[in-house]
Amino acid sequence: STQTPWGNVFQIPAILTREGIHNGFFKDWEELKATYWSANFIPVTDGHPRNNINVPISAKENIEFIRGFVSDIKADETDKTIKGTINIFDSSRNNNLIEEIQSGKKIDGSIGFFTDEFQVNGEWNGQKFEGLELNILYDHFAILPKGHGACSQPLCGLGLNMSDDKTTNTITTTTTTTDSPSGTVHSVPGYTWPTISTGTISIPS
């Protein structure tokens, strides 16, 4: 394990998300670049947190959900991915989770996040989407069994290659538009932005 100011952790490089269509909604690269800062130090969970009636909730509602944290977030222009380091606390409570990761049973991941969803049909790289996700605010990164992520291996997940340079890469975006909600930087042209309905947490089923 690796020593940090928050205790010893088991560290794994990961791709958290990337530009593309996930669960029918398009995540645009300019949006990911503009909001990836909010993924630094979000909780890591074992599966997506749910309440006692099985409704998805924020990982920050109960400290029992938290198995670790995400660090060293960077936006990689070369493959349009958001990468980081998954830190799992080296404690007896996490022994089974660490073993499942090391054995390859749990090597996928999925971001839980708040977003403004815009219902608009479009196409990206020959794939159709039914909406856009903007104003992304990351809540947690859930570790999942192999094959269960909305963006799963080999496109996203644990243990995927990342640069040895773990310095957070701060990207300053200069392209802005006047018609996008809340001044969000984006690169999807030709849409009239509808009224925003905020506060939807987007968690894959």
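Reader: What kind of model is it, and what are the ground rules?
Author: It is a predicted model: local features need pLDDT of at least 70, side-chain atom pairs count only at pLDDT 80 or more, and totals for chains, interfaces and linings use all residues. Residues are numbered from 1 along each chain as its sequence is written, and side-chain values use heavy atoms, with hydrogens and water left out.

Reader: How many helices and strands in the protein?
Author: Two helices and eleven strands. From the N terminus the order is β-β-β-β-α-β-β-β-α-β-β-β-β.

Reader: Start with strand 5. What does strand 5 pair with?
Author: Strand 5 (residues 43-46) runs antiparallel to strand 6 (residues 66-76), with three bridges joining them. Val44 has Gly68 as its bridge partner in strand 6. Strand 5 also pairs with strand 9, in the parallel sense, over three bridges. There, Asp46 stands opposite Ile143.

Reader: And strand 2? What are the partners of strand 2?
Author: Strand 1 (residues 2-4) pairs with strand 2 (residues 7-18) in the antiparallel sense over three bridges. These two form a hairpin with two residues between them. Thr2 sits opposite Val9. Strand 7 (residues 81-89) is antiparallel to strand 2 and joined to it by nine bridges. Strand 10 (residues 157-158) pairs with strand 2 too, antiparallel, over two bridges.

Reader: Which residue of strand 7 partners Ile15?
Author: Lys83. Lys83 also forms a salt bridge with Asp79, the closest N and O atoms being 3.4 Å apart. A salt bridge here is a side-chain nitrogen of Lys or Arg within 4 Å of a carboxyl oxygen of Asp or Glu.

Reader: Is Lys83 buried or exposed?
Author: Buried, with a relative accessible area of 6%. Asp79 is partly exposed, at 28%. Buried means under 20% relative accessible area, exposed over 50%, partly exposed in between (1.4 Å probe, protein chains only).

Reader: How many salt bridges does the count come to?
Author: Eleven. One of them joins Lys106 and Asp46, with the closest N and O atoms 2.8 Å apart. That pair links distant parts of the chain: Lys106 is in the loop between helix 2 (95-102) and strand 8 (108-124), Asp46 is in strand 5, and they are 60 residues apart.

Reader: What about accessibility for that pair?
Author: Lys106 counts as buried, at 12% relative accessibility. Asp46 counts as partly exposed, at 29%.

Reader: What else does Lys106 bridge to?
Author: Glu100, at 3.3 Å, N to O. Asp46, Glu100, Lys105 and Lys106 are linked in a network of salt bridges.

Reader: New topic. Where is Asp139?
Author: In strand 9 (residues 127-144). Asp139 is buried yet has no salt bridge.

Reader: Which side chain of opposite charge is nearest to Asp139?
Author: Lys60, 4.7 Å away. For charge, Lys and Arg count as positive, Asp and Glu as negative; His and the chain ends are not counted.

Reader: Which residues does Asp139 touch?
Author: Not counting residues up to four places away in sequence, its contacts include Ile42, Ser58, Lys60 and Phe113. Contact means heavy atoms within 4.5 Å.

Reader: Last one. What share of the protein is buried?
Author: Of its 205 residues, 49% count as buried.

Technical notes: Helices (H or I, at least four residues) and strands (E, at least two) are DSSP runs, numbered from the N terminus. Two strands pair if DSSP finds at least two bridges between them.
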